[in-house]
Amino acid sequence: MNHSERLAAFVALGHRLTALSPDELTELAARARNQNPWFDRPNVAAALAGIAHLLEPGALAQWAARYPPEPTAVRQIGVVMAGNIPLVGFHDALCVLLSGHVLLAKLSASDTFLMTWILNELPQIETRFTKFVQIVPRLNAADAFIATGSDNTSRYFEFYFGKKPNLIRRNRTSLAVLTGHETDAELAYLGPDIFQYYGLGCRNVSKLYVPENYDFTPLLDALQICSGVLNHHKYQNNYDYNKSILLVNAVPHFDAGFLLVTPNTALVSPISVLHYAEYAQEIDLVDQLTDVAPRLQCVVSAGGRWAGSVPFGRAQQPGVADYADGVDTMAFLATELL
């Protein structure tokens with residue numbers, strides 16, 4: 001199976017996902033939610049649509065053309081997949097298989113059904129993938145490793161995988177830059193960046209950077225369109241708990257009825273909470289963002305006007321070349337395994 005045939009199989013997979021019927025989507029989402037209550041139908045649908053977007057033929061071919069079409073030698077690549085949002089490990093699987101290597105996938109206990117389903121779709125499209133897609137309980141046979149986890153688990157990964165080529169990812173999060181001049185429509189676009197996947201993804205905005213004396217009222221009003229997150233019992237439990245903590249400890253905060261916004265130096269906020277920090281001048285903001293850059297996945301701003309940011313509403317729509325932690329997985333597979 002050569003590069004063109006592998007590429008064609010992934011394009012066909014994208015078409016398969018796009019053509020899912022409402023009944024198929026409902027069944028997939030129901031079974032995924034049985035395993036992980038956070039994986040409800042809207043979020044499963046968004047994840048599948050996001051993968052179909054990655055597999056759009058033109059962009060996929062253009063991206064793939066940047067790398068060697070065939071490996072110098074076929075290796076077995078062990079991938080430890082995260083499970084914080086649906087199918088979050090798919091991009092690593094795409095990179096390994098399109099590079100011509102064998103995928104040894106160790107699935108997250110939080111996302112076994114969906115990942116198993118989508119990895120099984122590939123051999124049905126292209127039977128020769130049967131030898132290249134393996135879901136395994138252990139990665140003893142791997143020649144190299146790709147692992148995604150928390151800062152704590154990354155130390156575990158480094159200990160066990162450090163003697164072979166490895167790409168190990170750690171905690172990342174995303175933030176938004178506001179100027180106070182955003183329109184109501186622009187502020188509404190920020191909603192999906194905060195609430196999609198209930199804030200569980202590394203591309204979810206967990207902190208705002210706002211000018212001094214920022215008026216939060218327009219923002220909280222614009223975000224009311226996302227108040228439906230409170231219908232999820234686990235989200236509501238988090239909201240009620242975090243609200244009680246803020247009240248008991250007399251922590252200053254804004255309460256939108258479904259979202260708590262509070263000043264905090266930490267980048268990562270709990271579910272249902274959004275941290276914020278103030279800046280006086282743009283140069284102060286540059287300094288603050290420089291300090292936290294190694295821990296960021298992406299930055300969003302209205303219209304993408306802040307340098308290096310993406311527009312509001314686009315945080316959860318990464319392209320195929322938007323690598324986790326900013327580390328080029330395809331380059332790792334092409335150079336570190338020689």
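Let me start with one residue. At 74% relative accessibility, Asn213 counts as exposed. Here is the scale: buried means under 20% relative accessible area, exposed means over 50%, and partly exposed lies in between, with a 1.4 Å probe and protein chains only.

A word on the source. This is a predicted model, where local features need pLDDT of at least 70, side-chain atom pairs count only at pLDDT 80 or more, and totals for chains, interfaces and linings use all residues. Residues are numbered from 1 along each chain as its sequence is written, and side-chain values use heavy atoms, with hydrogens and water left out.

Back to Asn213. Its phi is positive, about 65°, although Asn213 is not a glycine. Why point that out? Because most residues other than glycine have a negative phi. Where does Asn213 sit? In the loop between strand 7 and helix 9 (217–222). Helices (H or I, at least four residues) and strands (E, at least two) are DSSP runs, numbered from the N terminus.

Now Tyr198. Tyr198 also is not a glycine, and its phi is positive, about 60°. Find Tyr198 in the loop between helix 8 (184–195) and strand 7 (205–211). Buried or exposed? Tyr198 counts as buried, at 10% relative accessibility.

Next, helix 5. How many of its nine residues are buried? Nine, across residues 90–98, so helix 5 is mostly covered. Among them are Phe90, His91, Asp92 and Cys95. Just after helix 5 comes Gly100, with a positive phi of about 95°.

Now step back to the whole protein. There are two parts: domain 1 covers 3–171, and domain 2 covers 173–311. Those bounds come from an automatic or database domain assignment. The C-alpha centres of the two domains lie 29 Å apart.

What happens where they meet? On the domain 1 side, 11 residues are in contact with 12 residues of domain 2. Contact means heavy atoms within 4.5 Å. About 1,000 Å² is buried between the domains, and carbon and sulfur atoms give 65% of that area. Buried area is the accessible area (1.4 Å probe) that two parts lose on being put together, summed over both.

Helix 3 (residues 41–54) gives the most to the side of domain 1 that touches domain 2, with three residues. That side divides into six nonpolar, three polar and two charged residues. For those classes, Ala, Val, Leu, Ile, Met, Phe, Trp, Tyr, Cys and Pro count as nonpolar, Asp, Glu, Lys and Arg as charged, and the others, Gly among them, as polar.

And salt bridges between the domains? A salt bridge is a side-chain nitrogen of Lys or Arg within 4 Å of a carboxyl oxygen of Asp or Glu. The structure as a whole holds 10 salt bridges. Here are some of them.

Glu158 pairs with Arg170, and their closest N and O atoms are 1.8 Å apart. Glu158 lies in helix 7 (residues 151–161) and Arg170 in the loop between strand 5 (166–169) and strand 6 (173–177), so the pair ties together parts 12 residues apart in sequence. Glu158 is partly exposed at 37%, and Arg170 is partly exposed at 36%.

Next pair: Arg305 and Glu186, at 3.3 Å, N to O. This one links distant parts of the chain, 119 residues apart: Arg305 is in the loop between strand 11 (296–301) and strand 12 (310–311), and Glu186 is in helix 8. Arg305 is exposed at 57%, whereas Glu186 counts as buried at 19%.

Then Asp255 with Lys243, closest N and O atoms 3.1 Å apart. Asp255 lies in strand 8 (residues 254–255) and Lys243 in helix 10 (residues 233–248), so this pair also ties together parts 12 residues apart in sequence. Asp255 is partly exposed at 33%. Lys243 is partly exposed at 28%.

Last, which residues form a network of salt bridges? Glu5, Glu126 and Arg128 are linked this way.
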